[in-house]
Amino acid sequence: MSTPLPVRPAATVMLIRDNTQGLDVFLMRRHAGMHFAAGVMVFPGGGVDDRDRNAEIAWAGPGPGWWARRFGIDPDLAEALVCAAARETFEESGVLFAGPADDPESVVGDASVYRESRLALAAGTLSFADFLRTENLVLHADLLRPWANWVTPEAERTRRYDTYFFVGALPAGQRADGENTESDRAGWTTPEAAIEDFAAGRTFLLPPTWTQLDSLAGHSVADVLAVERQIVAVQPDMAIKGDNFEIEFFDSDRYNQARGKRWP
């Protein structure tokens with residue numbers, strides 16, 4: 001048996017907004033040419049960058065210790081994950097969980113004014129901490145909530161992540177655009193519609209994304225933000241059955257039934 005690949009910590013954010021019947025969630029489809037999870041519908045997110053660690057940035061809301069207790073990890077990793085969650089959301093969707101340092105109660109209303117910095121962040125030529133310091137901004141950790149923790153199956157031979165899921169409401173005045181180099185389609189949809197698209201074979205969802213969408217279905221933004229989730233790490237198993245693989249986890253019967261035989 002091959003030795004499992006090492007796991008890299010990652011953060012992903014379920015960006016939500018209210019609609020007349022519940023909520024919408026922002027999803028992106030990864031380019032078909034991507035090395036990992038090509039063609040898959042995902043939330044904004046990515047791996048923790050070394051510069052997300054020990055960033056020493058201005059911070060509003062629950063501190064690293066609070067996040068560490070909620071996720072069951074050490075404070076240094078918790079701080080890096082929150083930074084990565086905010087940075088990746090800004091890079092991939094243009095939504096910025098930050099506000100002016102001299103007015104800690106307010107949040108940026110139009111993040112498009114930081115377009116050049118967003119491009120530099122995505123290119124890796126600017127750190128999130130330096131961006132916030134230069135623009136005199138403070139990270140608003142109070143706009144995020146901890147939601148889940150999933151670890152890539154050991155059988156995965158491309159790359160593996162220890163992914164921490166966050167949820168955050170779209171700040172007033174901001175818009176999500178999905179203008180990034182990793183996706184070819186992005187937009188708002190309801191959790192129910194996203195699940196139906198998957199069941200109908202129009203899109204593909206990996207189990208962590210499908211499960212989180214299922215958890216959001218039928219709720220409002222206020223409902224979601226009020227929830228205190230019990231975070232327990234989930235690491236599915238992956239088995240080859242015939243010409244297809246099946247993923248086994250706590251709700252895999254429902255997932256595999258919806259998935260059917262339409263995808264490899």
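**Entry 1: Ala176**

I started with Ala176, which sits in the loop between strand E9 (160–169) and strand E10 (183–189). Helices (H or I, at least four residues) and strands (E, at least two) are DSSP runs, numbered from the N terminus. Before going on, I noted that this is a predicted model, where local features need pLDDT of at least 70, side-chain atom pairs count only at pLDDT 80 or more, and totals for chains, interfaces and linings use all residues. Residues are numbered from 1 along each chain as its sequence is written, and side-chain values use heavy atoms, with hydrogens and water left out.

Is Ala176 buried or exposed? Its relative accessible area is 11%, so I put it down as buried. The cut-offs are under 20% relative accessible area for buried, over 50% for exposed and in between for partly exposed (1.4 Å probe, protein chains only).

Next I looked up what Ala176 is in contact with, contact being heavy atoms within 4.5 Å. Leaving aside neighbours within four places in sequence, I got Leu15, Phe26, Ser93, Val95, Leu170 and Trp188. I also checked Ala176 against Ser112: they are 64 residues apart along the chain, and their C-alpha atoms are separated by 9.9 Å.

**Entry 2: the whole chain**

I then stepped back to the fold and counted 8 helices and 13 strands. The radius of gyration is 18 Å, close to the 18 Å that the globule rule gives for 264 residues, so the chain is as compact as a globular protein of that length. That radius is taken over C-alpha atoms, and the rule is 2.2 Å times the number of residues to the power 0.38. The C-alpha atoms fill a box of roughly 60 × 45 × 35 Å along the principal axes.

Of the 264 residues, 50% count as buried. Of the contacts with a separation of 6 or more, 72% come from residues 24 or more positions apart.

**Entry 3: the core and Leu96**

Which residues touch the most other members of the largest nonpolar core? I found Trp67, Leu96, Phe131, Leu139 and Phe166, out of 72 residues in that core. Helix H2 (residues 75–93) gives the most to this core, with 10 residues. A nonpolar core here is a set of buried Ala, Val, Leu, Ile, Met, Phe, Trp, Tyr and Cys residues joined through side-chain atoms within 4.5 Å.

I followed up on Leu96. Not counting residues up to four places away in sequence, Leu96 touches Phe90, Val107, Val108, Ala111, Tyr114, Phe128, Phe131, Leu137, Pro171 and Gln174.

**Entry 4: helix H6 and what sits around it**

Helix H6 (residues 207–216) is mostly covered, with 8 of its 10 residues buried. I listed them as Pro207, Pro208, Thr209, Trp210, Thr211, Gln212, Leu213 and Leu216. Just after H6, Gly218 has a positive phi of about 85 degrees.

Within H6 I picked Thr209. Thr209 counts as buried at 7% relative accessibility. Beyond the residues up to four places away in sequence, Thr209 touches Leu27, Met41 and Phe43. Thr209 and Leu27 are 182 residues apart in sequence, yet 9.7 Å apart C-alpha to C-alpha.

Leu205 lies in the loop between helix H5 (191–199) and H6. At 1% relative accessibility, Leu205 is buried too. Leaving aside neighbours within four places in sequence, its contacts are Met41, Ala194, Ile195, Phe198, Trp210, Leu213 and Tyr255. Leu205 and Gly39 are 166 residues apart along the chain, with their C-alpha atoms 9.3 Å apart.

What does Asp251 touch? Not counting residues up to four places away in sequence, I found Trp210 and Asp214. Asp251 is in the loop between strand E13 (244–248) and helix H8 (252–259), and counts as buried at 17% relative accessibility.

**Entry 5: Asn136**

I flagged Asn136, which has a positive phi of about 55 degrees although it is not a glycine. Asn136 is in the loop between helix H4 (128–134) and strand E7 (137–140). Its relative accessible area is 42%, so Asn136 is partly exposed.
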